[in-house]
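Visitor: I am new to this structure. Can you show me how to read its features, one at a time?

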Amino acid sequence: MRMGNILRAAGLAAIVFILASGCAKERDIPSNGDAKFFFDSWIQLNCPGIEPYGSGIYIMDDDEGTGEAVADSQFVYLSYVATDLEGTITDYTEESTARMLGEYDETSGRYYGPRIWTRASGFMYGGVNEMLTGMRQGGTRKAVIPGWLMSNTWYGSEQEYLDNASGTNSIYTVTVVDPIQNITQWQIDSIGRFLAGGYRSHDFGYLDLGTYIEKNGITSAKDSSDMYGFYFIEIEHGQELNNDDSSDSGDGGDTSDGYDWEDSHFFTTSDSNDTTIYINYVGRLLNGKVFDTNIKRVADDNNLSGGDYTPMAIQWADSYSELIMGTSDSTPNMITGFAMTLWRMHPFGKAIGIFYSNYGYGYSGSGNTIPAYSPLMFEIEVVENPDDND
């Protein structure tokens with residue numbers, strides 16, 4: 001242990017002793033009482049002269065930012081680093097931090113970058129939410145948060161937190177990327193910016209999205225959508241089956257969004273929706289990051305591993321909500337946007353589906369690869385049954 005750390009620890013112990021002995025008479029220690037004595041001692045030693053803010057956080061460094069105010073926004077897109085009081089990093093969002101710690105693994109598929117946090121009790125730590133008060137887009141703030149404010153349940157005062165919550169003392173450094181009032185519109189706008197040219201910053205080479213967009217004059221999300229939050233781009237139409245005509249009988253299918261969602265393009269010879277099709281696919285975030293694929297070349301190019309790189313079987317059904325990925329004895333198991341993209345495709349066609357998180361993984365995301373509220377993009381190609389090539 002370094003001498004500075006020894007002296008720091010000794011000083012902290014001395015302050016704790018003085019605080020404790022200063023109350024020689026018997027006292028009732030409230031919930032979190034000892035924890036508060038320790039935290040207050042640490043603050044006196046490490047942050048002398050800093051006044052508490054809100055319900056008891058201590059702001060160490062502050063650049064409020066100059067952009068849009070966080071104010072009462074319901075969501076915030078931010079990056080952060082969290083440490084304990086000793087400076088050990090306990091959580092973070094950025095790739096640079098992972099590399100610094102020697103934890104970066106390009107084969108893991110982990111997403112690095114800002115996250116969307118919901119500013120509501122039950123979703124965000126009370127102390128972190130109080131950090132955001134007064135901040136603006138582009139601002140960075142560092143604050144010490146006592147353990148009782150590291151609670152997802154919010155209370156109205158420090159005493160209520162002390163009486164009802166506990167946690168680990170933490171230091172957060174937060175940078176506000178974007179305050180968000182309407183999370184749905186924010187996603188739609190993100191897709192619009194992507195289709196209006198944002199895609200040029202990334203490699204979408206599998207189905208050559210960029211060439212198609214430029215060739216067909218797609219300049220906004222509206223140019224590729226007839227349904228709110230879902231964008232279908234047909235790269236190659238594929239084949240028409242004779243049965244297609246029989247399915248589009250004009251008998252009143254749902255066309256409220258401009259497309260007849262009762263119109264199926266895959267049938268067996270008996271006109272029943274019990275066939276199996278096979279696909280290759282690539283799943284991406286709109287920053288170009290591939291999080292899933294069954295194509296080995298794409299997996300290798302994106303340092304993914306552990307997949308089954310053969311065409312994926314899809315069990316067809318009477319509606320897109322009943323499609324099954326995998327064996328026929330499974331239950332419907334696709335996210336809605338993926339199933340909707342498949343439903344609009346034709347045999348041996350190629351298409352791209354882009355959709356907001358209501359049709360994907362919503363507010364929870366998926367593991368550490370897909371963050372909350374992420375619009376997704378899937379490139380899909382309908383291919384031959386691999387058994388037919390044996």
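This is a predicted model: local features need pLDDT of at least 70, side-chain atom pairs count only at pLDDT 80 or more; totals for chains, interfaces and linings use all residues.

Visitor: How do I read contacts along the chain?

Guide: Look at sequence separation. Take contacts between residues at least 6 apart in sequence: 67% of them join residues at least 24 apart. Arg 115, in strand E4 (residues 115-118), gives a case. Arg 115 and Tyr 373 are 258 residues apart in sequence, yet their C-alpha atoms are 9.0 Å apart in space. Leaving out residues up to four places away in sequence, Arg 115 touches Val 76, Tyr 77, Leu 78, Tyr 92, Thr 93, Arg 110 and Pro 371.

Visitor: Now a helix. What should the span of helix H6 be, at 1.5 Å a residue?

Guide: The expected span is 1.5 Å times one less than the number of residues. H6 covers residues 183-195, which is 13 residues, so it should span 18 Å. Its end C-alpha atoms are 19 Å apart, which agrees.

Visitor: Which residues in H6 are buried?

Guide: The buried residues include Ile 183, Trp 186, Ile 188, Ile 191, Phe 194 and Leu 195. Gln 187, Ser 190 and Gly 192 are buried too.

Visitor: What happens at the start of H6, and what just after H6?

Guide: At the start, a side-chain oxygen of Asn 182 reaches to within 3.0 Å of the backbone nitrogen of Thr 184. Just after H6, Gly 197 takes a positive phi of about 145°.

Visitor: Next, charges. What is the general idea?

Guide: Side chains of opposite charge can pair when their charged atoms come close. The cut-off used here is a side-chain nitrogen of Lys or Arg within 4 Å of a carboxyl oxygen of Asp or Glu. A search of the whole structure finds 9 salt bridges.

Visitor: Which residue forms a salt bridge with Arg 141?

Guide: Glu 64 does, with the closest N and O atoms 3.8 Å apart. Arg 141 sits in strand E5 (residues 140-145), while Glu 64 sits in the loop between strand E1 (58-63) and strand E2 (75-83), so the pair ties together parts 77 residues apart in sequence. Arg 141 is buried, at 2% relative accessible area. Glu 64 is partly exposed, at 40%.

Visitor: How far apart along helix H9 are Lys 296 and Asp 300?

Guide: They are 4 residues apart in H9 (residues 296-301), which means about one helical turn. Lys 296 is partly exposed at 47% relative accessibility. Asp 300 is partly exposed at 43%.

Visitor: Which strands hold Lys 350 and Glu 381?

Guide: First, the pair: Lys 350 and Glu 381 form a salt bridge, with the closest N and O atoms 3.8 Å apart. Lys 350 lies in strand E12 (residues 350-355) and Glu 381 in strand E13 (residues 376-383), so the pair ties together parts 31 residues apart in sequence. Lys 350 is partly exposed at 21% relative accessibility, whereas Glu 381 is buried at 17%.

Visitor: Which residues are linked in a network of salt bridges?

Guide: Lys 36, Asp 40 and Glu 158 are linked that way.

Key
Residues are numbered from 1 along each chain as its sequence is written. Side-chain values use heavy atoms; hydrogens and water are left out. Contact means heavy atoms within 4.5 Å. Helices (H or I, at least four residues) and strands (E, at least two) are DSSP runs, numbered from the N terminus. Buried means under 20% relative accessible area, exposed over 50%, partly exposed in between (1.4 Å probe, protein chains only). A polar contact is a pair of N or O atoms within 3.5 Å; within protein, one must be able to donate a hydrogen and the other to accept it, and residues adjacent in sequence count only if both atoms are side-chain atoms.
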